[in-house]
Amino acid sequence: LVTIQFSPYSYHLPLGDILQSVGVIIASVVIMFNPEKFKIIDPILTIIFSIIVLFTTKKIVGDCLNVIMQSTPIHIDADEIKRLIEIVPNVKSVHNLRIWSLNVGKPVLSAHVFADGDLSEVLAKVTKVCRKEGIKHTTIQIEYIHDEEHQNFINCDHEIC
């Protein structure tokens with residue numbers, strides 16, 4: 001048994017391609033019979049097909065721009081992710097949260113999480129929250145609760161925090 005999975009961009013109905021091909025064939029036949037009278041058909045069809053291509057590729061271009069600009073994917077609510085992480089037991093706060101895409105459909109998250117208690121358990125639970133939200137690639141820096149007297153205290157005091 002073979003299973004084939006298509007991404008939204010790997011498969012499309014070839015109707016637009018078929019219409020363009022048929023249009024070019026018809027135009028070439030018409031131009032062949034009277035090139036002087038009908039040669040204007042070629043640039044007209046080129047403009048029409050260019051407009052069709054612009055409208056049919058708008059989503060793909062938008063998705064590519066979001067990846068290039070490292071924008072948060074539109075289907076992910078960063079505030080909601082932060083809220084879900086902050087309700088994990090022993091998590092005190094989340095900062096430096098960043099969510100972007102490596103490519104379309106591959107979101108990435110990095111965050112600093114202040115916590116106490118069993119930090120490896122906190123990391124596992126925070127990672128599980130991210131997985132549930134569709135974020136499979138995470139970099140989570142667990143920092144011990146913000147207590148300057150604690151031996152594991154990390155002072156995250158630079159411009160990017």
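Buried means under 20% relative accessible area, exposed means over 50%, and partly exposed lies in between (1.4 Å probe, protein chains only). Cys64 is partly exposed, at 38% relative accessible area. Disulfides come to zero, where a disulfide is a pair of cysteine sulfur atoms within 2.5 Å.

A word on the model. It is predicted, so local features need pLDDT of at least 70 and side-chain atom pairs count only at pLDDT 80 or more, while totals for chains, interfaces and linings use all residues. Residues are numbered from 1 along each chain as its sequence is written, and side-chain values use heavy atoms, leaving out hydrogens and water.

Now the overall layout. The protein has six helices and three strands. These are DSSP runs, numbered from the N terminus: helices are H or I with at least four residues, strands are E with at least two. The order is α-α-α-α-α-β-β-α-β. Of 161 residues, 25% count as buried.

Back to Cys130, and to helix 6. Which residues of helix 6 are buried? They are Val122, Val126, Thr127, Val129 and Cys130. Seen down the axis, the buried residues fall within an arc of 155°, so they line one face of helix 6. That arc is taken from the directions from the helix axis to the C-beta atoms. On the other side, Ser120, Lys128 and Lys132 are exposed.

What covers the buried residues? The cover includes helix 5 (78–86), strand 1 (91–101), strand 2 (107–115) and strand 3 (137–144). Contact here means heavy atoms within 4.5 Å. Last stop: just after helix 6, Gly134 takes a positive phi of about 90°.
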